[in-house]
Each structure stands twice: as C-alpha cells, then as structure tokens.
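I opened this entry to record what I looked up in the model, one topic at a time.

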Amino acid sequence: MENIILVDDNLSTIDALSQIIREKGYTEITAESAEEALEKFHKSPVDLIITDMKLPGMSGLELLRKVKRLNDALPIIVVTAFGSVEKAVEAVKLGAFDFITKPFTVEEIEIKIEKALRAGRLAKENKELTLENEYLRSEFASDFSEIIGKSKEIMEVFNQIEKVANASSPVLIWGESGTGKELVARAIHYNSDRRNKPFVRVNCAALAQSLLESELFGHEKGAFSGAIRKKPGRFEIAREGTIFLDEIGEVSADVQVKLLRVLQEKEFERVGGTETLKMKARVITATNRDLKELIRENKFREDLYYRLNVVPIYLPPLRRRKEDIPLLVNHFIKKYSAEAKKQIMGIKKEALETLIEYEFPGNIRELENIIERAIVMNSGNLLTLKDFPESIIEGMAQNQFNQTAVKEAEPGLTLLVNNYEEKLIRDVLKKNNGNISKTAKELKVKRTTLRYKMEKYGLIGTELNDD
C-alpha cells in the first residue's frame, strides 16, 4: 500500500483529497504545514507528496527544494490557485512532477496521482538498480575497495600494502578482532603479480586441530578412518598464489612444527603419503592474539613466530580511527540499502555523532552489524538513533557519565552512581532553567546522551526549552 503525504492548511481541501486517496486504496498522511510534512517524511516511507504552494511558515516551493535534496526520485505534485500558474511552472522546473490548479476535478486528481505513482515506482526501481550496480562496481573497481578510510593510521596500512605486495616474504597481520585483517590480506594478494592465481583462506580456529593438518597439507586414500579418497590440501590448491592462515595463534604444537618446515624448506607431504611436494604459495597469516605472550607461555614456537613475522602489519582498532567512521557508515549504508532494496539516503547528525563517540569493542565488524540492523529496522529515508540497539546508546552514555560524575565506580556502587547521576542532572538542569543545550554543555556530554539519561530517570518534562 502506497503512502501519500497531503500538505495544506485548508482542512476542506485535505478532506477532499483524503477521500479520493482512500477510495483508490492508498494511505494518506496529512500535514497542515511544510514543517509538519518534513517531520512525517522522515518518519514514514513516502511514495508521493501533494502540497499546496501557499502555506503558513515554509512555502510549498521550499518544501519541494528540501525534499528533492533528500530524495530526488520522490514525485511531488504542487497545488496552486487559478491565476498562479507561473509559480507552478517554477515548481516543475525545480523538480515537481506536475501541478494542479484549484478548483480541480476528482478525475483530474486521480489521473495525475496514478501517473505520479507510476513514475515514482520506475524511479525507485532504477534507484535500487543504480545502488546495487554502484556497490558491485565498487567491489571490483579497486583492489582496496573494501578497506575504507582516510585516517593517518589507515593510510599507513595502505602504504605498507603497496610496499609488500610484490614481495614473496611472509606477512603477519595483527590487531583486534573485527579490524579487517582478511581484507588487508586480500588487498596484498590482488595488488601483487599473483593476482591471477588462487587466494586460499584457512580459518585455523574454525577447524578441529585433528583435521587442520589434513586440511592444510592434504591426505592420501586410507591415511585415516574416513579418508576414502586422496584429497589435495590448501597449500596445493593455492599453487603459486597466496594462502592466508587466519587465527594462526590457535594452531596446535604438532601443526606448528609442520608449518615451520613448510616455511623453511618450502616442501611438505600429504598426511599418509611419501611424495614430497613443493610449496610455491606466498604465506600471509593473521592473529588477534599476542603471539609473544603465547611464546612466553610455551604455546607458540618462537622460531615459527620469526618465520611468520618477516613483515608485520598492524591494524589499529576503530576507536583510534574516529575520522574513518563517517566513511565506513556511508559505505555500509550503500551496501545494505542495495541488498535490502531500500532508499536510505543517509544518517541523521545526532545518530552519526553517537557512532563517532562509541568505543566499538567489536571494531568494524560491529559497526557493519549495527548499520545492517538499522537499515532493516528503519522505516524512513534517514537512519536515526531509534534504529540503533539500546546497548550502543547505553554504552556511550555510561562512558560519558562515568567520566563526568564518577571516575572510579566499582560494580557494587551501581545504585550510588545512578543516584548521583540523577541528582547531578536535576541540579544542573535547575541551574540552567531547564535548558538542555546549556546543561549538556556544562556536563560535557552530547544532548542525545543527556536526553537518554533524562528519560531513564523520568526527568523529561522538567526542561523548559531545547534550544
């Protein structure tokens, strides 16, 4: 069912248009001003806007301009009084689909609504295809297409990738979980002269250690129970390409010995076999563990570490790349809007600010998950705070208030902390005569954080203004 926003301060016109729309099976959303229409436009999916030109406050032309900046594909019909056709023509030049002059007939309205909705459907389909094509092009246009950022830290990673790409030396990529280590491994491979050879990934943590040796080196028929045929291992499959061993810190001691031989001698045998095979692939490994600590605990071979760590590349956590968050958000909005076949045009300022402040313990993987979820939950054109899981806002709010109110709160002091927060907010609100902006500034927190805490403590309604 398609939604149509009707904007007019004349209630009789609204009633007449609403009846026509309902009889045709559409849903009407009414607004008596352009400001109210914009608010409803952000809250609900909209397929058509019909607006009067002359409105209290913002004019119909200004509404047209604002909506077109947000969603150029949305059809808009303007309604004008007889004798003001020149204004209607100006509106069409600005992007209006059509115009109607008062008084109008039911048949005229029905025809123009049908044409506008049909054009909107086609534009929406084209937009979806364009978004999907843009995303697919970005996937293949650049060997760095999935590594998003412009921060000093990520530019250093780009620089290291370019330097090591055409070398054959082993590379060890390390950093927290979710920072994009596999993307870096792929970028190294696809920027090298091995790009037309296989890129083979092995997640060492996902395989039982009893099976990992067979997975890496292959096995002969009858080598063990269940080995009903000969199977090549990942090193064979990689041939002269690249083998990427993710979570290398999880490899057992027995497999570590065999990996050391592969790196030193460039040869191996299949499990249960006697034929010696040559290893020609480049080896890239990754870990989120502290391998030096594992060495001290006798859980990782020191000689293997030095063989793997010829060229180390460190991936910083997202909390150290704050300036990259807007770029990543836009990237994921494009990606998941195309997949969900939605026209999400962007993200509200306060929502983006909240993401920038959040610490992201799960790094880029967590951000991607948040944006994908937000797009699924969103029912408008822009992502908002309401589309985010409560844990994001709660986590951000708690961090800020812990810094402001209590520097070293112990778990057993939760009630005390909450009481302190509530009293602090009440006192500062009272001091600032209920002004939220001044209160947030004095408490050194975002307005969104303050409003969240005010709702938590039942203080909404105590503010006098929200300037």
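**Leucine 64**

I looked up the accessibility of leucine 64 and found this residue buried, at 1% relative accessibility; buried means under 20% relative accessible area, exposed over 50%, and partly exposed in between, with a 1.4 Å probe and protein chains only. Leucine 64 sits in helix α3 (residues 60-70); helices (H or I, at least four residues) and strands (E, at least two) are DSSP runs, numbered from the N terminus. Leaving aside neighbours within four places in sequence, I listed Ile76, Ala91, Leu94, Gly95 and Ala96 as its contacts, contact meaning heavy atoms within 4.5 Å. I also noted 9.1 Å between the C-alpha atoms of leucine 64 and isoleucine 49, which are 15 residues apart along the chain.

**Basis of the values**

I note that the model is predicted, that local features need pLDDT of at least 70 and side-chain atom pairs pLDDT 80 or more, and that totals for chains, interfaces and linings use all residues. Residues are numbered from 1 along each chain as its sequence is written, and side-chain values use heavy atoms, with hydrogens and water left out.

**Nonpolar cores**

I turned next to the largest nonpolar core, which has 30 residues; such a core is a set of buried Ala, Val, Leu, Ile, Met, Phe, Trp, Tyr and Cys residues joined through side-chain atoms within 4.5 Å. Leu216, Phe235, Ile243, Leu245, Ile248, Leu259 and Phe300 touch the most other members. The elements that give two or more residues to this core are β7, α8, α9, β10 (242-246), α10 (253-265), α11 (291-296) and α12 (302-308). Helix α10 gives the most, with five residues. For leucine 216, not counting residues up to four places away in sequence, I recorded contacts with Val202, Gly233, Arg234, Phe235, Leu245, Val255 and Leu259. Another core, of 24 residues, lies apart from the largest one and has Ile344, Ala374, Leu383 and Ile392 among its members.

**Helix α7**

**Salt bridges**

I counted 32 salt bridges in the structure, each being a side-chain nitrogen of Lys or Arg within 4 Å of a carboxyl oxygen of Asp or Glu.

- Lysine 112 and aspartate 98 meet at 3.6 Å, N to O. The pair links distant parts of the chain, 14 residues apart, with lysine 112 in helix α5 (residues 106-141) and aspartate 98 in strand β5 (residues 98-102). Lysine 112 is buried, at 18% relative accessible area.
- Glutamate 176 and arginine 319 meet at 2.4 Å, N to O. Glutamate 176 lies in the loop between β6 (171-175) and α7, and arginine 319 in the loop between β14 (311-315) and α13, so the pair ties together parts 143 residues apart in sequence. Glutamate 176 is partly exposed at 29% relative accessibility, and arginine 319 is partly exposed at 33%.
- Arginine 234 and glutamate 215 have their closest N and O atoms 2.8 Å apart. Arginine 234 is in helix α9 (residues 234-238) and glutamate 215 in helix α8 (residues 209-217), 19 residues apart. Arginine 234 is partly exposed, at 21%, whereas glutamate 215 is buried, at 15%.

I also noted one network, in which salt bridges that share partners join Glu182, Arg186, Arg201 and Asp246.

**Pockets**

I looked up the largest pocket and recorded a volume of about 800 Å³. On a 1 Å grid over the protein atoms alone, a cavity is a set of points where a 1.4 Å probe fits but cannot get out, and a pocket is an open set with protein on both sides within 12 Å along at least five of seven lines; lining residues have an atom within 4 Å of a point. Grid points are joined across faces, edges and corners, and a volume is the space filled by probe spheres set on the points.

The largest pocket has 20 lining residues, of which Lys348, Glu350, Thr384, Leu385 and Lys386 lie nearest its centre. Helix α19 gives the most to this lining, with five residues.

The second largest pocket holds about 470 Å³ of space. It is lined by 25 residues, and Thr179, Gly180, Lys181, Leu183 and Arg365 are the closest to its centre.
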